[in-house]
Amino acid sequence: MSHWKETAEILARFAELSAAGRRAALATVVRISGSAYRRPGARFLIEETGETLGSVSGGCLEADVREVARTVLATGVPSLRHYSTGTDEDTVWGLGLGCNGLVDVFVQPATEGPLAAVAGRLRELLAGDLPFAIATALGSGEVSLREPPHGVTDREVFVDVLTPPFHLVVCGAGDDARPLVAYAADAGFRVTLLDHRPALLDPSGFPQAWRLIEARAVQPDVALPPAGRSLAVVKTHSLTHDREWVRRLLAAGLPYVGVLGPRDRTAAILREIGFPGDKRVYGPVGLDLGADGPRQVAMSIVAELLAVTAGREPRHLCERQEAIHAV
């Protein structure tokens, strides 16, 4: 989900640079082994001025990748770089970090060449809501958006399958919705904000929202995102409106409906609408982080949303024996 958002932001920057006649290179994580901060598909844009967007690590690889990008921009020739984050004795671009990982990063021209040729179509796909794949030949840099490039003699092709982000429906546009919308959007969710009070749906207060919709739960024509890839948080601060939104969202088939407020209040809502004990309802919404105030509460909610979409039971990473990114 984060790769979709990151790629969309980078492609938007492509367009700005191309319009200004400026050049940039794109670095992509194409393979990892062992411990690695980013997953395959993570992207890092390096402009000829030195400005950057995105990342391929937690900061340990970026300095060298910038230097590789300078050479790629000067020659126009893509480069596949192999990094080891193990001990000082490692022989393949060893960094002596003690992280015991191998990371392969492919750096290619971004604003010219094969990638630039498909950038417009990529932006169209990223504005949509369907999965797609980017296949890149790790040699020539030839790119295809559906299948491995044809007529290519490169030994390897990196195929990155991009899955559209989950939607988050937030019911209630009060002041405490602002950090929730902002943090959820930063995490990669497409946020739809619903409220029956038009004065609260001020775009300047929710610049990261995907859609702002004036609506009541009882309106039959409310356009909700696809239920199978949507989660919701109900927080109108009105018992009547919360009850109707919970009823509407559960009837629509959403797999997760978070409800702000005490446990007894949520239980009463579910009894009144005929869904007692429904396991899709999380109320009080959020993880037990000891949160206090709108921003911390929003963090606890977004943390729970990420755990639910990843299918994870929240716990301390230090307690996890298997690899962090193992399914």
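Tutor: Helices and strands are DSSP runs counted from the N terminus, a helix being H or I over at least four residues and a strand being E over at least two. The model is a predicted one, in which local features need pLDDT of at least 70 and side-chain atom pairs pLDDT 80 or more, while totals for chains, interfaces and linings use all residues. Residues are numbered from 1 along each chain as its sequence is written, and side-chain values rest on heavy atoms, without hydrogens or water.

Student: In which loop is Pro284 found?
Tutor: The peptide bond that joins Gly283 to Pro284 is cis, with omega near 5°. As for its place, Pro284 is found in the loop between β14 (281–282) and α7.

Student: What is the mean pLDDT of the chain?
Tutor: The pLDDT, the predictor's confidence in each residue on a scale from 0 to 100, is below 50 over residues 89–94. Across the chain, 92% of the residues reach 70 or more, and the mean pLDDT is 91.

Student: What share of the residues of the chain count as buried?
Tutor: The chain comes to seven helices and 14 strands, and its C-alpha trace spans about 65 × 45 × 35 Å along the principal axes. Of the contacts with a separation of 6 or more, 56% link residues 24 or more positions apart. With buried set at under 20% relative accessible area, exposed at over 50% and partly exposed in between (1.4 Å probe, protein chains only), the buried share of the 327 residues is 45%.

Student: Against which elements do the buried residues of α4 pack?
Tutor: Helix α4 covers residues 177–186, and among its buried residues are Ala177, Leu180, Val181 and Ala184. Just after α4, Gly188 takes a positive phi of about 110°. The partners against which the buried residues of α4 pack are α1 (2–19), β9 (167–171), β10 (190–195), β12 (230–234) and α7.

Student: How are α4 and α7 placed relative to each other, oblique or parallel?
Tutor: Pro179, Leu180, Tyr183 and Ala184 of α4 meet Pro294, Arg295, Ala298, Met299, Ile301 and Val302 of α7. The axes, which are lines fitted to C-alpha atoms over the stretch in contact, with angles from 0 to 180 degrees between N-to-C directions, come within 8 Å and cross at roughly 40°. Because angles under 35 degrees count as roughly parallel, over 145 as roughly antiparallel, 65 to 115 as roughly perpendicular and the rest as oblique, α4 is to α7 oblique.

Student: At roughly what angle do the axes of α5 and α6 cross?
Tutor: The contact is made by Leu239, Asp242, Arg243, Val246, Arg247 and Leu250 of α5, together with Arg265, Ile269, Leu270, Glu272 and Ile273 of α6. The axes of α5 and α6 (residues 263–273) come within 10 Å, and they cross at roughly 60°.

Student: Is His237 buried or exposed?
Tutor: His237 sits in the loop between β12 and α5 (239–252), and its phi is near 65°, a positive value in a residue other than glycine. Since its relative accessible area is 54%, His237 is exposed.

Technical notes: Contact = heavy atoms within 4.5 Å.
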